[in-house]
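Please look through the sequence and the model below before reading on. The paragraphs that follow begin with the backbone and then turn to the DNA.

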2 protein chains.
Amino acid sequence: MKAADSNGASGAGPQRRVTINEVARCAGVSKTSVSRYLGGELSALSEDMRRQIERAIAELDYRPNQMARGLKRGRSRLVGMVVADILNPYSVAVMHGVEVACRQRGYALMLCNTAGDDELERRHLAALASYSVEGLIVHTTSQHTRDLLDAAAHGLPVVAVDREISGLAADMVGIDNRQAASVATEHLIAQGYRDLLYLSEPLDHVNPRIERLAAFEAVLAQHPACRGRALALDVHASARLDQALGDFLAATGPGPRAVFAANGVVTLETTRALRRLGCRLFEDTGLIGFDELEWCALVGSGITTVAQPTYDIGVTAAQCLMRRIEGDRSAPRQTLYRGELIVRGSTQPVAR
Amino acid sequence: MKAADSNGASGAGPQRRVTINEVARCAGVSKTSVSRYLGGELSALSEDMRRQIERAIAELDYRPNQMARGLKRGRSRLVGMVVADILNPYSVAVMHGVEVACRQRGYALMLCNTAGDDELERRHLAALASYSVEGLIVHTTSQHTRDLLDAAAHGLPVVAVDREISGLAADMVGIDNRQAASVATEHLIAQGYRDLLYLSEPLDHVNPRIERLAAFEAVLAQHPACRGRALALDVHASARLDQALGDFLAATGPGPRAVFAANGVVTLETTRALRRLGCRLFEDTGLIGFDELEWCALVGSGITTVAQPTYDIGVTAAQCLMRRIEGDRSAPRQTLYRGELIVRGSTQPVAR
DNA sequence: TTGTATGCGTTATCAG
DNA sequence: CTGATAACGCATACAA
């Protein structure tokens, strides 16, 4: 005789939930006492009263209403995550870490996808605010972050993932782009590649993109024997990408040549383009990619990558945020992980 | 003179938000009128009053507090999505559709990952309930769905993605597994494969897994010239998978042979295993996979897949849910999409 | 140690 | 058309 209720078919009743009042009545105490019990003020309750409350709660299967709780205390125990592209494996992996860390500390997660649209981001931030989220984890590319800045200025804790937000002195957690990009570039050179193409999405003032490129160029400057060029373009424009890649392949000398893909999306699109251009993966042309993706080991002789600890980044971001929420007012912190080189066949040059 | 506030550094103020009272005062009307305005009762307001309210709202940048709103009206405009594996590309793609559809109708999305853990699922459902979510979109594998059933019995609308939930007459949206699996199997046979291995994750009473297998066997029964076997195992146990795959390869006749991977995870692990076993992809052994993944075209000669319209599935699931939330009491509906065969090199047999 | 009264920001029910 | 006033479910200052 449970879960049977009065409603015959599925989804009928307006689901009246048990309130603290009913628990109080059932336990024969005042709702204040129940509230105290819930608030963990165990020291201020007599033994049998506590037992009664416990019984009543179990019997009625009472769950406190977070809406009411949040309204009263001003704490919603809600965290918002704003992501530019929910389909990006990097974002998803970070999200995974965020979700775990939030749940462990009793926060729930509201997810928003801006699809790279600034107006949408505005609306999402407004929506999140309307739910009184206590903090924000942000991984977007947008430039018009007025609303984000406003939110932060109004005292809402914000943690940026993978990039700094210009004008916002917020916590940030990501990767050491200079280290990671240097390691990758040096690896290519050590493997004997002499013509290098750095391929990135449009820089758009996105911090890590700029830093990675800078590191690439810095390393290259130390190796005069190497020729390098860098291109930032919309890699989803296949024709343009093919053109750019083709130009590079045509212009290189007889020695080994390789492409450095600046992130996971670029790795994917570059691999596709190389195939379209009829390259044998990866004999014609070497390839190294930022971001370890589940399929990198599977294509051709395997794609060498610089892996990021995405899960840890997510966990750290969330922990960082929750510390802020719980009152930490110290200076903004940056947590940078190191990129880890995973060597595969795509960076073993083969004589052409 | 905006966003400057009193706080010097970041994250100081307890972010007092503008309330309906202040809007009312600023507009020189009662808060009831403001509430009416917000509720869209435009017909019941004089022109200038309406203008005043509009001005005040804009001037103060007022945003209604969803917490309070939800508390009063009992409608939180919140939808919960419970997923077994947030890292599964299928789940993510569906989530994408869900997010878009929810936003369009003004619902926000709370995301939960159960990581296949029943206890975690319990807790997540409890948490979602505590936030008064108005509906649930569920994509899990769990068997102990007591809490889910309870929730539904209490009148909470639930939409299942990709599978039916036993004991729950809820809406469902997914793919026509019999059609899709049949198409795939018939394709293999038409291509000349004579030894077929169907590889699945443990059936565990998960509906689509059972249906796909059944379709495979049904088609096979019509082709006596074909030998088929089916295996359901934890594909993450590499050693066991290698063993199983090795056994199959050893036992087959001289004719073409192929593996049917029952979902995206199996496709990934099978491809890894084939590589470990030293197979040339896909000359030794053909492969067809359920779920189109972004990398399928890239490995070897390309992996033939049966694609699902994941985005549409997500959109439909969300729309379906919101219809229920808004009062639709009609009989539970099933929406089944068709799988689309995408032929690539992995199903072009090559003489061994 | 326990209970009463008040208010969080909204909407809904009434009177005017 | 408009505005007091009472809930919504909970937490908390205050009183007992």
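Helices (H or I, at least four residues) and strands (E, at least two) are DSSP runs, numbered from the N terminus. This is a predicted model, in which local features need pLDDT of at least 70 and side-chain atom pairs count only at pLDDT 80 or more, while totals for chains, interfaces and linings use all residues. Residues are numbered from 1 along each chain as its sequence is written, chains are lettered from A and ligands numbered from 1 in the order in which they are written, and side-chain values use heavy atoms, with hydrogens and water left out.

Most residues other than glycine have a negative phi, and most peptide bonds are trans. In chain B, the residue B:F282 sits in the loop between α11 (264–276) and β9 (286–290), and the peptide bond that joins B:L281 to B:F282 is cis, with omega about -5°. In chain A, A:F282 is likewise placed in the loop between α11 (264–276) and β9 (286–290), and the bond leading from A:L281 to A:F282 is cis, its omega being near 0°.

A:R77, which is not a glycine, has a positive phi near 55°, and its place is the loop between α4 (66–73) and β1 (78–83) of chain A. With a relative accessible area of 22%, A:R77 is partly exposed, a class that lies between buried (under 20% relative accessible area) and exposed (over 50%), as computed with a 1.4 Å probe on protein chains only. B:H205, also not a glycine, has a positive phi of about 60°; this residue belongs to the loop between β6 (195–200) and α9 (207–221) of chain B, and at 67% relative accessibility B:H205 is exposed.

A side-chain N or O atom of B:K72, by contrast, lies 3.0 Å from a base nitrogen of DNA strand D.

Conventions
A polar contact is a pair of N or O atoms within 3.5 Å; within protein, one must be able to donate a hydrogen and the other to accept it, and residues adjacent in sequence count only if both atoms are side-chain atoms.
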